Amino acid sequence: MTNAPQGLRVVVTGATGNVGTSVVRALSEDPSVASVLGLARRLPGRGAPGVEWGTVDLEHGDSARRLAVHLAGADAVVHLAWRFQPTHDPVVTWRSNVEGSMRVFGAVRDAGVPVLVHASSVGAYSPGPKHEPGVDEQWPTHGWPDAAYCREKAYLERVLDTFELRHPEIRVVRMRPGFLFKRTSASEQRRIFAGRFLPGGLLRPGLLPLVPDLPGLRFQVLHTDDAAEAYRLAVTRDVRGAFNLAADAVTDARQLAELLDARVVRAPASLVRGALAAAWSARAVPASPHLFDAVLRLPVMNSARAREELGWRPAHSSSDALRAFLRGVSHGEGEDTAPLAGKRWG
């Protein structure tokens with residue numbers, strides 16, 4: 001008679017996306033984790049070794065029944081599933097992101113899973129200062145209400161406030177990363193934000209002549225693999241609460257211009273917003289002007305708590321993450337999953 005494997009059983013939703021593919025790899029390589037079950041709307045062609053897979057679409061009401069089966073006996077759930085589009089129909093993303101997340105939280109409760117790690121975001125934060133040392137995890141999380149992404153992330157923060165009060169026996173962790181990039185997520189992110197018809201080769205150094213320097217254009221990025229390491233630590237260490245995740249340097253127009261071998265040109269935000277709004281209204285680009293407004297208001301975060309309590313240290317700089325993204329875009333990089341399918345065009 002063989003003994004059951006000793007170690008944690010972890011379930012990851014949204015396991016085929018940018019963050020999910022890195023998280024399942026990080027968890028599958030941890031000796032304290034016995035098994036990883038990746039959940040997604042569509043199965044990957046080839047997943048990480050040692051990872052099992054299941055399908056669930058959180059937008060549908062019957063997903064609660066499927067989640068109950070998948071979460072039975074789990075020691076931890078990492079909830080990453082998120083739908084970015086269609087930006088012209090926020091009801092669709094609300095049903096998938098907010099109502100779908102609430103189904104996951106309810107399934108965690110009903111299955112008696114002791115650990116829930118939820119993917120929040122810098123986008124959940126209310127507008128704040130753009131200078132260092134940055135805001136800590138106590139900064140208000142009311143988002144920018146005009147942007148669906150921020151509104152949904154902020155709403156789920158309130159849902160989790162109530163969830164934690166009602167279920168103190170469940171260890172809840174909220175990850176609030178900045179913008180996450182890696183080489184193999186580049187094609188997906190180009191499609192999500194710039195659209196299908198922007199040739200990836202245009203984002204090579206030397207091809208773009210200038211980068212607009214806009215008031216408020218200061219934000220934080222992180223390599224996706226570094227974020228995945230923080231998720232792994234949150235699963236395996238006895239911590240609770242929120243953690244900001246970002247590389248040390250703050251990204252601005254000058255850093256972008258250096259990476260793209262371009263000139264910095266001061267420009268009014270209203271001009272860029274107007275052009276984006278026209279393109280979005282014409283459905284030429286999927287990124288909405290409301291998200292642009294939010295980015296210009298996002299606070300700079302302080303990640304000291306993640307370093308001190310998780311023992312987390314990013315292995316890549318913000319420039320490393322952006323270079324990886326730019327290389328990935330220009331070469332049409334991707335992975336063998338539906339969200340990360342690599343293409344330079346279309």
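Overall build and selected sites of the predicted model

In the protein, 77% of the contacts with a separation of 6 or more are between residues 24 or more positions apart. The structure described here is a predicted model. It contains 11 helices and 11 strands.

The dimensions of the protein can be set against a simple expectation. For 346 residues, a compact globule would have a radius of gyration near 20 Å, and the value of 20 Å computed for the protein agrees with this. Taken along the principal axes, the C-alpha atoms fill a box of roughly 70 × 40 × 40 Å. Of the 346 residues, 51% count as buried.

Helix α6 is mostly covered, since 10 of its 13 residues are buried. Among the buried residues of α6 are T224, D226, Y231, R232 and V235.

T16 is located in the loop between β1 (8–13) and α1 (18–28). T16 counts as buried because its relative accessibility is 6%, which is under the cut-off of 20%. When neighbours within four places in sequence are left aside, the contacts of T16 are T21, A40, R42, P44, W53, T337, P339 and L340.

M102 belongs to helix α3, which is formed by residues 90–111. The relative accessible area of M102 is 38%, so this residue is partly exposed; the range for this class lies between 20% and 50%. Beyond residues up to four places away in sequence, M102 touches Y155, L156 and V159. M102 and T141 are 39 residues apart along the chain, and their C-alpha atoms are separated by 18 Å.

R218 is placed in the loop between β8 (210–213) and β9 (221–223). With a relative accessible area of 24%, R218 is also partly exposed. Not counting residues up to four places away in sequence, R218 touches K130, E132, V250, T251, D252 and L298. The C-alpha atoms of R218 and L67 are separated by 39 Å, and these residues are 151 residues apart along the chain.

E132, one of the residues touched by R218, takes part in a cis peptide bond with P133, for which omega is about 15 degrees. P133 is in the loop between β5 (115–119) and α4 (148–166). The peptide bond from Q85 to P86 is also cis, with omega near 5 degrees. P86 lies in the loop between β4 (76–79) and α3.

Positive phi values occur in residues other than glycine. Phi is near 55 degrees in D261, a residue of the loop between α7 (253–260) and β11 (263–266). D261 counts as exposed because its relative accessibility is 59%, which is over 50%. In R283, phi is near 60 degrees. R283 is found in the loop between α8 (269–281) and α9 (289–295), and at 61% relative accessibility R283 likewise counts as exposed.

Key. Residues numbered from 1 in each chain as written. Predicted model: local features only at pLDDT ≥ 70, side-chain atom pairs only at ≥ 80, totals over all residues. Heavy atoms only, no water. Buried < 20%, exposed > 50% of the residue type's maximum accessible area, 1.4 Å probe, protein only. Helix = DSSP H or I, 4+ residues; strand = E, 2+ residues; numbered from the N terminus. Rg over C-alpha atoms; globule rule 2.2 N^0.38 Å. Contact = heavy atoms within 4.5 Å.
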